[in-house]
Amino acid sequence: MSSIEQLHVGRPTSRVDGRLKVTGQAQYAAEYPADDLLYGYIVDSTIAAGRIVSIDLAAAQRMPGVVEIFTHENRGKAAWLDRKWRDEVAPPGHPFRPLHSDRILFNGQPVALVLAETFEAARDAASLIRVAYDVDPHCTELERKRSEAYVPPKKRSGIPPPPDPRGNAEQAFADAPVKISRDYRVNPEHHNPMEMFGSTCVYEGDGKLTIYDKTQGSQNAQGYVTSVFGLGSDDVRLVNHYVGGAFGSGLRPQQQLFFAVMASLELKRSVRVTLTRAQMFHIGYRPDTYQMVSLAADRDGRLQSIMHDAVAATSHYEDYQEAVVNWSGMMYHCDNVKLTYQLAKLDTATPCDMRAPGAVIGVTALECALDELSYELGIDPLELRRINFAEKDENTNKEFTSKALMECYRAGAAAFGWERRAPKPRDMKDGRELVGWGVSTGMWDAFLQKAQASATLKDDGTLEVATAASDIGTGTWTILTQIGAEAFGLPLDDVKAQIGDSSLPMSPVEGGSWTAASNGSAVQAACDALKQSLFKLASKMANSPLADARLEEIEVRDRRIFRKDDPARGLAIAEIMHAAELHELTEQGKVSPSLIQMMKYISYTHSAVFAEVHVDEDLGVVRVTRVVCAAAAGKILNPKTARSQILGGVVMGIGMALHEEGMTDHRLGKIMNANFGEYHIPAHADIADIEVIFVDEKDDKVSPIGVKGLGEIGIVGAAAAVANAIYHATGKRVRDFPITIDKILNAPLLS
């Protein structure tokens with residue numbers, strides 16, 4: 001073991017980009033300066049389905065400062081074929097094309113773009129545009145379309161469909177002595193990161209563009225631009241150094257990117273287009289979903305049958321898909337399982353990935369149903385989960401690379417004080433408030449994706465690591481810096497990370513909790529290759545003290561390379577570089593999943609979430625007073641940023657449980673609460689004590705650096721734990737999320 005193994009990796013470390021952010025020096029997509037800049041403002045449709053009959057632009061065109069107004073009648077040149085519009089994570093179907101025709105597909109669809117010398121002029125001119133429509137009947141209500149649900153004929157890449165049934169779930173359910181069958185509803189949740197979507201497209205001349213875009217994948221967005229507009233990859237550089245939150249909303253290129261590039265190419269000027277907060281509600285949301293979960297067990301609590309059916313909303317033009325029900329076939333041991341997943345088309349925009357897509361919906365329903373089954377059995381909810389512990393992924397019959405879930409149960413229960421829980425609902429009180437405790441299991445994929453990185457050592461001993469990864473607030477800047485500093489035994493200040501730029505080594509989009517494992521491993525590989533090259537140069541020097549050493553016997557630290565068993569025998573990096581007549585030395589690193597290993601093993605992160613709620617019996621007001629989340633996620637690179645990831649996930653889970661809901665007036669097909677005043681998210685007063693526990697979990701197969709992702713696992717199970725705690729407090733079971741005051745007051749008393 002190296003003497004510097006824990007110099008940086010594994011230590012709580014403040015964000016290297018933190019000072020830039022808190023002092024306002026970090027530039028986001030809509031903050032980059034550009035000469036001769038035009039400002040774009042998007043005009044949206046006010047109907048959900050139909051066609052544009054006419055657009056009156058006269059008053060808007062007379063507004064001082066207006067340069068151009070684009071509609072479907074004069075849109076700039078763009079690709080015709082669907083495949084040219086598909087990005088890396090697009091679902092099957094026909095990708096949305098802004099201003100493609102006079103047809104309206106959803107309320108809020110862009111129908112015009114105003115370009116002006118100032119943002120205010122563009123905004124004011126947009127308000128003067130009048131659009132006449134030929135209105136068609138529409139439907140935005142999933143309940144009305146459930147009978148028309150279908151199995152998507154073409155599967156979305158990377159999203160496994162439900163596995164084939166195993167055993168005979170229907171017969172086992174019928175024969176079991178204890179059984180439940182329950183319906184659950186998760187209403188749409190909308191992405192609302194702090195930074196709204198924006199693009200600044202700098203026209204460099206001769207068709208060359210530098211684009212600053214809010215995106216989770218600079219190379220994905222660059223590929224979209226070059227494909228849609230027929231540009232060469234060398235003509236487009238896309239930068240996303242800082243991203244003010246995204247968690248799925250920035251996986252796909254959004255409409256403002258198309259508009260900024262289209263206008264810039266047509267007008268041969270730099271253009272900035274940003275979305276309003278209201279427009280954000282039409283570009284990314286967790287789909288409306290209905291689920292039925294049926295569970296059966298013997299008297300000892302062993303599961304005999306699991307059936308989980310889901311119907312989720314999608315748009316008319318794309319088959320957006322998530323892995324919703326699959327989790328019910330792998331989280332617990334059961335020989336008889338049947339899972340189905342269907343879609344129903346609505347006159348809405350396509351949903352998009354939102355933190356732990358699919359899992360946060362499906363696991364919530366499963367974990368609430370399991371809680372209900374525990375009361376039918378008279379078995380402690382935590383003990384029921386232990387009884388049905390799964391030793392392998394029974395969907396694929398593959399072994400887990402690691403699974404420390406039992407230790408999560410133990411550590412979380414001990415920290416929470418679960419042994420003091422009263423078994424019966426409504427038996428715990430604090431003054432006039434009912435107190436409830438709930439538990440849930442969490443589970444999310446631990447991916448390793450193809451990624452590349454470079455590492456450059458300067459003759460002054462400083463290091464630069466580079467990869468096109470993104471940082472949406474997760475701490476990517478910091479952990480990559482830590483890995484580089486660890487590899488060469490340098491202070492963090494002597495290592496510079498380069499990310500968020502399409503010109504850097506290949507990176508997947510930042511999503512799925514795979515960035516730390518994938519890009520971190522690529523940086524480690526590049527550093528290892530660089531150390532090997534440095535060692536070769538050092539060993540070939542005249543009278544080198546390392547001439548007879550092997551690579552595994554040397555160490556690099558404090559700007560020197562030396563023997564581990566005799567640190568005095570070594571050379572300064574500056575001396576080696578000078579002898580080789582080099583000012584810097586660069587090597588590449590890359591990683592990809594092992595196909596052979598994937599045939600036998602599969603990887604997941606796991607968690608146990610414990611929640612305490614206080615409920616005012618008269619008013620139905622819920623306060624989440626405590627949450628303990630114990631997570632097993634392999635090697636923790638930075639406990640400080642890792643804890644922040646879990647905290648953020650738990651807060652989003654509380655939002656799902658109690659607050660977040662997009663409300664549509666189905667007569668108009670219009671989202672009515674498209675603002676922060678009426679779309680409720682957790683505020684500071686809603687969040688109390690959250691304790692995060694990282695369970696030690698060593699995994700030598702999940703990734704070269706032993707890391708599992710943390711971005712998603714914090715939210716999976718959090719909403720279910722809160723919902724289960726509400727039942728324990730009140731004896732009322734609410735199966736429609738979010739669980740609002742009116743639902744609690746109107747729910748029947750079950751216990």
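Colleague: H16 and H17: left-handed or right-handed crossing?

Modeller: H16 passes H17 in a right-handed crossing. This is a predicted model, by the way.

Colleague: At what angle do the axes of H16 and H17 cross?

Modeller: Roughly 50°. The two axes come within 7 Å. H17 covers residues 718–730.

Colleague: Which residues of H16 and H17 make the contact?

Modeller: From H16, Val-650, Gly-653, Ile-654, Met-656, Ala-657 and Leu-658. From H17, Ala-718, Ala-719, Val-722 and Ile-726.

Colleague: How many residues has H16, and what does it span?

Modeller: H16 has 20 residues, 639–658. It reaches 28 Å from its first C-alpha to its last. That is close to the 28 Å expected at 1.5 Å a residue.

Colleague: How many residues of H16 are buried?

Modeller: 14 of the 20, so H16 is largely enclosed by the rest of the structure.

Colleague: What about His-659? Where does it lie?

Modeller: His-659 is in the loop between H16 and strand E31, which covers 664–665.

Colleague: Is His-659 buried or exposed, and why?

Modeller: His-659 has a relative accessible area of 18%. The cut-off for buried is under 20%, so His-659 counts as buried.

Colleague: Which residues is His-659 in contact with, leaving aside its neighbours within four places in sequence?

Modeller: Ile-654, His-680, Ile-681, Pro-682, Asp-686 and Pro-738. Ile-654 also belongs to the H16 side of the contact with H17.

Colleague: Switching to sheets. What is the strand order in the open sheet of five?

Modeller: E16-E15-E14-E7-E34, with mixed pairing.

Colleague: Which strands stand at the edges there?

Modeller: E16 (337–346) and E34 (736–737). Each has a single partner strand, so one side of each is left without a neighbour in the sheet.

Colleague: How do E15 and E16 pair?

Modeller: In the parallel sense, over 10 bridges. E15 covers residues 303–315. Val-311 stands opposite Gln-342 in E16.

Colleague: And the open sheet of three strands? What is its order?

Modeller: E4-E2-E6, with antiparallel pairing. E4 (103–104) and E6 (130–135) are the edge strands, and each pairs on one side only.

Colleague: How many bridges join E2 to E4?

Modeller: Two, and the strands run antiparallel. E2 covers residues 50–56. The bridge partner of Gly-50 in E4 is Ile-104.

Colleague: Now E30. How many of its residues are buried?

Modeller: 10 of its 11 residues, so to speak mostly covered. E30 runs over residues 622–632.

Colleague: Which strands does E30 pair with?

Modeller: E29, residues 604–616, is joined to E30 by 10 bridges and runs antiparallel to it. Val-609 has Cys-629 in E30 as its bridge partner. E30 also pairs with E33, residues 689–694, in the parallel sense over six bridges. There, Ala-631 stands opposite Phe-694 in E33.

Colleague: What do E29 and E30 form, and what sits in the turn?

Modeller: They form a hairpin, with five residues between them. Gly-620 in the turn has a positive phi of about 75°.

Colleague: Back to helices. At what angle do H12 and H13 pack?

Modeller: About 25°, with their axes 10 Å apart. H12 is residues 476–488 and H13 is residues 515–539. They are therefore roughly parallel to each other. H12 passes H13 in a right-handed crossing.

Colleague: Which residues make that contact?

Modeller: H12 residues including Ile-479, Leu-480, Ile-483 and Phe-488. H13 residues including Val-523, Gln-524, Cys-527 and Leu-530.

Colleague: Asp-371: buried or exposed?

Modeller: Asp-371 is buried, with a relative accessible area of 2%. It lies in H9, residues 359–377. Leaving aside its neighbours within four places in sequence, Asp-371 is in contact with Pro-381, Arg-385, Asn-724, Tyr-727 and Arg-733.

Colleague: Last one. Where is Glu-170, and how does it count for accessibility?

Modeller: Glu-170 is in H5, residues 169–175. At 40% relative accessibility, Glu-170 counts as partly exposed.

Colleague: What separates the C-alpha atoms of Glu-170 and Asn-336?

Modeller: 8.2 Å, with the two residues 166 apart along the chain. Leaving aside its neighbours within four places in sequence, Glu-170 is in contact with Met-307 and Lys-338.

Definitions and conventions: Residues are numbered from 1 along each chain as its sequence is written. This is a predicted model: local features need pLDDT of at least 70, side-chain atom pairs count only at pLDDT 80 or more; totals for chains, interfaces and linings use all residues. Side-chain values use heavy atoms; hydrogens and water are left out. Helices (H or I, at least four residues) and strands (E, at least two) are DSSP runs, numbered from the N terminus. The expected span of a helix is 1.5 Å times one less than its number of residues. Buried means under 20% relative accessible area, exposed over 50%, partly exposed in between (1.4 Å probe, protein chains only). Two strands pair if DSSP finds at least two bridges between them. Axes are lines fitted to C-alpha atoms, for helices over the stretch in contact, and angles run from 0 to 180 degrees between N-to-C directions. A crossing is left-handed if the near helix is turned anticlockwise from the far one by less than a right angle, and right-handed if clockwise. Contact means heavy atoms within 4.5 Å. Angles under 35 degrees count as roughly parallel, over 145 as roughly antiparallel, 65 to 115 as roughly perpendicular and the rest as oblique.
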